[in-house]
Every structure is written in C-alpha cells, then in structure tokens.
Amino acid sequence: MSALPTSGGRAWLWNALATVVLWGIWGAYSGLSPQHHFPETLVYCVWALTMIPPALVVLSQAGWKLDTDRRAIAYGLTVGLLGAGGQMVLFYAVTRGPAYLIFPVISLSPVVTIALSFLLIGERTGKLGALGILLALLALPTFDFAPGGDGHSGGWLWMALVVMACWGLQAYFMKSANNVMSGESIFFYMTLTGLALIPVAWAMTDFSQPINYGLDGPLLAAGIQVLNAIGALTLVFAFRYGKAIIVAPLTNAGAPLATAIISMVALGVVPSSLKSVGIVLALAASLLLAIAPDAENAEPVSET
C-alpha cells in the first residue's frame, strides 16, 4: 500500500510532494516553539510522540502485520536510529555553532544518498533527472545561508557532518529496506527508535531555564510536529516506489522551497537575494525531477 492513493505508477511522486508540502509548512512554523520558551529538546520528545498516531493508522490499514525477521528489524532500527540520532546530534550542534552555517552542511545529505544509490544499487537517471539533481544540490545550501558571523568552526563542524552523513545514510537504507519489508514496518521501527531516545533528549534539557507548559508550549509543538511525523511517513512510501537518486534531492530541495514560499506569503518574510536564487533553482529542480520519465522503479516493490 502507499500512504496516499495513487494511480499510473506515480505513487513515488504524490508521496514525495506530500512530504514537500508537509515539511515545508512544518519548517515555516517550527521556530515558534522555541520562541514561546519551549526548548528544542522537549520539542524532540513531542515529535517522537506524534509519530505514534500515523504509525498506528498505517499498521491498522495493513492488518497489523509487522515484519519481525532479523533482517527487517535490523533495517528498521538502522533507519530509525540514523534519523533520530542525527536529530539528537543536531540539537547539540546548534548549541555550539551558528545555524546559518550548520544547516547548509546538513542540507547536502542527498549527496551521500545519491552516491550510495549510484554505486551500490545501480540506480541511474536520464538527462532531465540528472539536471534536476544538479539544480537541487545547488539550491540546497542557499536556503539557510546568511553572510557574516565569526567563521569559527569550533566543535560544530564535525557534528554537522555527522548529521549530514546520518540523514544521507538513512535515506539510502530507507530505500534498501523497502526491498525487504513493508513501508508500514519501516515507519513502526522509526517510531520505536524515536521514542527510545526521548530519555536522552530529556536529559539534555536545561530545566533551570523557564519552560512554557501552557497551550502555546507542548500543544503548539504537537500541532507543528505532527506535520513532520506524517511527512516522514509519506517519505517512506516515496522511497518505496521511487528511486532514491530522485526522491532524495526532490524532497530536500522542495521542502525548503515550500518553507520559503509560506514564509513570504503567510509570515511576511522577504527572502534575501541568495535565497531568491535558491527558490528559482529548487523550483526548476522540482519540476525536472517530477517529469523525469525514469524516476519510478522499473518494477513495483513486492509487499511483504
């Protein structure tokens, strides 16, 4: 099954576009929780909890069938730990370095996915897809880059590289996992590992600082983070039905594009010249990747 109703062999596209929209909206409003004095470490805890409802929904739709053989468990936990672990390292990195330098590094994670997919599972794409990938990779760093700053890497640079590697590897293993287990099972294990790391996030929280436990604290965070959770679900199915070499740059360029547009329209934010260039590049990349004739898998992945 797919997370969204599909037809005509474009399941990968509809799920990828759903991820772009959901993560775009999430990105535009994700900064509200820290602004309301609800720390990012506790936002992680809330995010992990918001993974539970979509996990239960898709498992129920699949008849509560869960892949529990050793290979499925290994793949599922690997995907989950890489994603959640990368998020935890990111929390620590942003306390040590400037976000405007950290996020451009992390945004290049599709390079890892593309390289592994090309070398290890032999994924290829045509001229349109290749051009779309190139434009997406050129667009990614522009969305979070801002000139200025002291330029000192301190200890944050290696942490940013760790997050980039984690998320690039996660996308590759997510694609590989879809060949041996159901998307519902992958998302279940992602949820499980996210929940398992809640104590770590809790321990990282500075409770000596004022924390907002009101409606605009954890409840606001839940409303925002559920978009992240559902977007992660549709991403699983985008990788299930599409090539990782196409899905990774499309979603990683498209989501910042959606965030930028929403910020401009809803929040009244005017992008810098560099971000405007990024918007144009990402839009062109998204269109090329969407119309690339060989973006789908040659054969549908069998259900397990």
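1. Trp64 is exposed, at 56% relative accessible area. Here buried means under 20% relative accessible area, exposed over 50%, and partly exposed in between (1.4 Å probe, protein chains only). Trp64 sits in the loop between helix H4 (52–61) and helix H5 (70–93). Helices are DSSP runs (H or I, at least four residues), numbered from the N terminus.

2. A note on the basis. This is a predicted model: local features need pLDDT of at least 70, side-chain atom pairs count only at pLDDT 80 or more, and totals for chains, interfaces and linings use all residues. Residues are numbered from 1 along each chain as its sequence is written, and side-chain values use heavy atoms, with hydrogens and water left out.

3. Stay with helix H4, where Val57 is found. Val57 is partly exposed, with a relative accessible area of 44%. Its C-alpha atom is separated by 9.3 Å from that of Glu184, 127 residues apart along the chain.

4. Now the rings. The whole structure holds five aromatic pairs. Rings of Phe, Tyr and Trp (its six-membered ring) pair if their centres lie within 6.5 Å; planes under 30 degrees apart count as stacked, over 60 as edge-to-face and the rest as tilted. Tyr75 and Phe173 make a tilted pair, 6.4 Å centre to centre with 55 degrees between the planes. Tyr75 lies in helix H5 and Phe173 in helix H9 (residues 156–177), so the pair ties together parts 98 residues apart in sequence.

5. Trp202 and Phe207 also form a tilted pair, at 5.0 Å centre to centre and 45 degrees between the planes. Trp202 is partly exposed at 49% relative accessibility. Phe207 is partly exposed too, at 39%.

Terms used: Helices (H or I, at least four residues) and strands (E, at least two) are DSSP runs, numbered from the N terminus.
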